[in-house]
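Here's a quick tour for anyone meeting this structure for the first time. Have a look at it below, then read on.

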Amino acid sequence: MKKNLFQNMKKTSRKNLVTYLICFSFFAAVRIMGATDNLTRHFSSLLVPICINVILAVSLNLVIGFLGELSLGHAGFMSVGAYAGCLFAIKFKEILPAAVRLPLAMLVGGMVAALFGLLVGIPVLRLKGDYLAIVTLAFGEILRSVIINLNFTGGASGLKGTPQDATFTAGFAAVILTLFVILNLADSKHGRAIMSLRENAIAASSVGINANGYKLMVFSLSAFFAGIAGVLYGSSVSILSASTFDYNKSIEILVMVVLGGMGSIRGSVIAAALITILPESMRALADYRMLIYALALIVMMILGTSEKFMLLRHALSPRRLLSKAVKHFRYKKEGQNNG
Amino acid sequence: MADRTMVPFPSNAIVPRKDADKRPVLEAHHLGIDFGGLTAVEDFNLTIGRSEIAGLIGPNGAGKTTVFNLLTSVYQPTRGTILLDGYDTKGKNSFQVNKMGIARTFQNIRLFANMSVLDNVKVGLHNKIKTSFPASLTHFFGYSQAEKAADRKALELLDFFSMADMRDMPAGALPYGDQRRLEIVRALATQPKILLLDEPAAGMNPSETARLMENIRRIRDEFDIAVLLIEHDMNLVMGICEGICVLNYGRVIAKGTPRQIKSNPKVIEAYLGKKAEGKNA
Ligand SMILES: Nc1ncnc2c1ncn2[C@@H]1O[C@H](COP(=O)(O)OP(=O)(O)OP(=O)(O)O)[C@@H](O)[C@H]1O
Ligand SMILES: [Mg+2]
């Protein structure tokens, strides 16, 4: 049988291509709906938040899914990036045009967040599991209180005057950049090293993997993208308030990663988009959001350790169902030809 | 058959005659480690020639795996020094001593279970793959060439154990014997000067063990490295080791050629004798 180009690709490249296709289709769909006036006001207000959450979930998945460490401080990195980037944007409001200002602000926010990632990463070298979760959680909370008590961040009343540069196109570009970097990393020698640490740190060290170095790298890279998401957020709200970045936000990102499947980038993308759209669409449920998240986490934890559920999930995976359907169809056709 | 005569080197150590005029690949001097109050290994001395196949044997709990953990810096020794190819490994991490030329397998298999067989070997090749960090993030700057070269090298290594056709299987799904072999391949991928094998034949049937013996010899000959192995299977140890070191209660009780060890009364009492007792009971 002749194989087409798609089938000839490496399995990972094929998977990645599907992820990119999903994103670009969504972008195109929104653009078409916008051009034909089918976009509700409400839905267009969700477009930038979707991009922000996708970046947050994908970058947290790097720590949780790929490195296998539990971090509950992602909102903290997001906030550092947001403030650094927004202060930069305010400073250069008059000097730079928006098209230059936003990317530069993102770079600044990302870099500052990455630096904080490095700082928080250092205790990570000694801590594991629950302890790490507690330290990162505390880090996020400390950061929030510090920001509220500083002057140049606008204190408790928030930072005003950030130019509103965040558009859906800019957010989408940031999503694609994030996906590009993280999907590429996952399929490289550095990505394999990270995953080997998750699988078995002692064995990884025994074959020459610098565990501490890679943990720091993952923490700061993940924080870098959280920072970018933060700048995007700061450039889309009129008042940037530190109270947004509490642990509820970190938990929300965690829920996206867990629901999407740890280690699955595509899962994170879809889960982040859905979790952004659903609560806003079902106003009545909005009050119970944290309760629902908690329940979802517990259910996922229980199901995640159940072998039967794993088998069921495998049997019901879209890929399998699709290939089954194709086989069924082929079989029928062949049967007709023979008969 | 390899030359089994052991000669003194440098003073109170012995290596096979063929390695006598070369610097030993590994030396341990007065090595000791305490776990709280328990002294697990004490005054451990060992010298291994550059192309020697050496055995480390002893009853359960004698401290064999602990010696491996000391040699690979999983533990830092409480006392003594380790020279790897002449360089002191004091204060070095596991990954650093691996770069210096020591690789190992584990008694309780430690594979990257959810990664493919090929990727397990490619993690072993990590420090040999010349892909820069920017290249990893962008897949430009020579990424494809380096990756292809790594694939080729990994398959070549897997082929050594005729495992190339299992490349896409998750390592955790392999049969037990193949998991042990994959661990050896992964260790070899780091291009060590000495390979440590912790009970490589555990759980293997006699025909598998016979093939393993042949392969250990082939590894030594084709990769031109030294091998130090821990094993309870006496046929294997006596069959391929040139020098043997016997541990009991953390101390070396005998060293020598297989023939010398077999007839050493201390060894018979501590090790073989115990085994006979166990069989009777
Ligand atoms: N991390 C540790 N902490 C405390 N005690 C330890 C530690 N590692 C090993 N030991 C002790 O050191 C002794 C030697 O153990 P080791 O695993 O080296 O034995 P072994 O010779 O490999 O035995 P086996 O043939 O059963 O594998 C044992 O008494 C063990 O309990
Ligand atoms: Mg042992």
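Predicted model: local features only at pLDDT ≥ 70, side-chain atom pairs only at ≥ 80, totals over all residues.

Side-chain values use heavy atoms, leaving out hydrogens and water, residues are numbered from 1 along each chain as its sequence is written, and chains are lettered from A and ligands numbered from 1 in the order in which they are written.

Along the principal axes, the C-alpha atoms of chain A fill a box of roughly 80 × 60 × 40 Å. A compact globule of 339 residues would have a radius of gyration near 20 Å, and the 22 Å of chain A agrees with that (taken over C-alpha atoms; the globule rule is 2.2 Å times the number of residues to the power 0.38).

## Inside chain A

Chain A has 16 helices and two strands (DSSP runs numbered from the N terminus: H or I of at least four residues for helices, E of at least two for strands). Of its 339 residues, 48% count as buried, meaning under 20% relative accessible area, with exposed over 50% and partly exposed in between (1.4 Å probe, protein chains only).

Take helix H2 (residues 11-35) of chain A: it has 25 residues and reaches 36 Å from its first C-alpha to its last, close to the 36 Å expected at 1.5 Å a residue (the expected span is 1.5 Å times one less than the number of residues). Buried residues in H2(A) include A:Asn16, A:Tyr20, A:Cys23 and A:Phe27. After H2(A) comes A:Asp37, with a positive phi near 65°.

## Where the chains meet

The contact takes 31 residues from chain B and 27 residues from chain A (contact means heavy atoms within 4.5 Å). B:Phe95, B:His126 and B:Leu137 supply 24% of the area that chain B buries against chain A, more than any other three residues (buried area is the accessible area, 1.4 Å probe, that two parts lose on being put together, summed over both).

## The magnesium ion

Which residues coordinate the magnesium ion (ligand 2)? They're B:Thr65 (OG1) and B:Gln107 (OE1), at 1.9 to 2.1 Å. Donors are N, O and S atoms within 2.8 Å of the metal (3.2 Å for Na, K and Ca); water is not among the atoms, so sites may look incomplete.
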